Amino acid sequence: MKRVSCSPDLRASSLPFFKGITMKSMFAFAGAMIGLATCTLSAPSAFALPSQLGESDDQVLVIAHRGCWQTVPENSVAAIERCKAFEIDIVEVDLRLTSDGVLVNFHDDSLERMTGRSGRIEDLTLAEVAEIRLRNRDGRGAPDLTEHVIPTFQEMLDAAGDDMILVLDMKGDIPEISREAARVLHANDACDRALFSLVSSAEDVAEIAGPLFGCAGFMANLRPPMGVMSEVSLSYQSLDPLAIAVRFDEWGYLEEGADDVLAMDARIWVNTLSRYHAAGLIDEDAMNDPAALWGRLVENGVTMIQTDEPEALMAYLYVTGRR
């Protein structure tokens, strides 16, 4: 990855701290390590392009859910730029089509939470969307509007540059979004800078998101009701997934099936966003005891973690020698 110049707010003093004295000390040290790495060290070379996701690699990759939005609006260009400053590997983006067929990055069906106004992206032209300003962070408890706007997919791709991967979470008309996303990626010679995922059976994925196959990398999604982890993973093998996203209620589901996924040369991805993702544990728990969640995931073969605390996770990985 390319390095960025240092600024005071990227030093250890600006990072969130784990609760508890021991975690505080550890995290302060990790923050200093990140600051040092950002300013002076040579770039890591273990991860660059999605094609490498299928290779055997113990380096744990950090995925920022809707960007690094702790101080800026989620899904904004600024949220990507902050992630780049902290050398986050991957950013998840939420793609929707405007009424005139342009892809923009916005999560909700309604504009209300992030903009304070009613309506839907799909009912507005790009020109109308461009006039809307975003609330800060995730919009909750932040009623005032910022100067930040809803970005297009093209703008997010430009902001990410060559050193960051975007994970495409498609909202709405997935076949149409797939076609337009593939067009934009091809036009930018950026097919090796994107992954896409779908919660669908192996038989349906190609039909739903066909244009993205052969362009962006594919990630399958597994959930306990779909069946035994190892068996369901193998059902996607013909699609050559670069990663398998796993949701589990009990640790045994992950522990018993991880080896079969790794044998497919696919990485294991786990979200730590909501209570139903990883045995009832979330980022808030990890901020108190990172080893009990993030550490245990890594011990069980997980090398892709999506989080709303990407800076904290990166710090934990530094201090435990996994970066």
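A: Happy to. The largest nonpolar core has 74 residues, and Leu166, Leu168 and Leu185 touch the most other members. A nonpolar core here is a set of buried Ala, Val, Leu, Ile, Met, Phe, Trp, Tyr and Cys residues joined through side-chain atoms within 4.5 Å. Buried means under 20% relative accessible area, exposed over 50%, and partly exposed in between, with a 1.4 Å probe and protein chains only.

Q: Before we go on, what are we looking at?

A: This is a predicted model, where local features need pLDDT of at least 70, side-chain atom pairs count only at pLDDT 80 or more, and totals for chains, interfaces and linings use all residues. Residues are numbered from 1 along each chain as its sequence is written, and side-chain values use heavy atoms, with hydrogens and water left out.

Q: Which residues is Leu185 in contact with, neighbours within four places in sequence aside?

A: Leu185 is in contact with Phe153, Leu157, Leu168, Ala190, Cys191, Ala194, Leu212, Cys215 and Ala216. Contact means heavy atoms within 4.5 Å. There is also a second, separate core of 12 residues, which includes Ile90, Met219, Leu242 and Ala243.

Q: And the overall numbers? How many helices and strands are there?

A: The protein has 12 helices and 11 strands. Helices (H or I, at least four residues) and strands (E, at least two) are DSSP runs, numbered from the N terminus. Of the 323 residues, 55% are buried. Among contacts between residues at least 6 apart in sequence, 66% join residues at least 24 apart.

Q: What about the surface?

A: The accessible surface comes to about 13400 Å², and 50% of that belongs to carbon and sulfur atoms. Those areas come from the Shrake-Rupley method with a 1.4 Å probe; for residues, only the protein chains shown count as cover.

Q: Phe153 and Leu157 came up with Leu185. Which residues of helix α5 are buried?

A: In α5, residues 153–160, the buried ones are Phe153, Met156, Leu157, Ala159 and Ala160. They cover an arc of only 165° around the axis, which puts them on the same side of α5. The arc is that of the directions from the helix axis to the C-beta atoms.

Q: What do they pack against?

A: The buried residues of α5 pack against α2 (77–85), β2 (90–97), β3 (103–105), β6 (165–170) and α6 (174–187). After α5 comes Gly161, with a positive phi near 65°.

Q: Speaking of phi, which residues have a positive value without being glycine?

A: Asn75 is one, with a positive phi of about 55°, and Asp189 is another, at about 50°. For context, most residues other than glycine have a negative phi.

Q: Are those two buried or exposed?

A: Asn75 sits in the loop between β1 (61–65) and α2 and counts as buried, at 3% relative accessibility. Asp189 is in the loop between α6 and β7 (194–198) and counts as exposed, at 67% relative accessibility.

Q: New topic: how do α11 and α12 pack?

A: Helix α11 (residues 290–299) and helix α12 (residues 310–319) pack at an angle of about 75°, with their axes 11 Å apart. The axes are lines fitted to C-alpha atoms, for helices over the stretch in contact, and angles run from 0 to 180 degrees between N-to-C directions. The two helices are therefore roughly perpendicular to each other. Angles of 65 to 115 degrees count that way, under 35 is roughly parallel, over 145 roughly antiparallel, and the rest oblique.

Q: Which residues meet there?

A: From α11, Pro290, Ala291, Trp294 and Gly295 meet Ala312, Leu313 and Tyr316 of α12. As for burial, 9 of the 10 residues of α12 are buried, so this helix is largely enclosed by the rest of the structure.

Q: And Asn300, where is that?

A: Asn300 lies in the loop between α11 and β11 (302–307). This residue is buried, with a relative accessible area of 17%. Not counting residues up to four places away in sequence, Asn300 touches Leu254, Glu255, Ala258 and Ile268.

Q: Last one: what's around Arg133?

A: Arg133 lies in strand β4 (residues 133–135) and is partly exposed, with a relative accessible area of 32%. Beyond neighbours within four places in sequence, its contacts are Met114, Thr115, Leu145, Thr146, Glu147, His148 and Val149.
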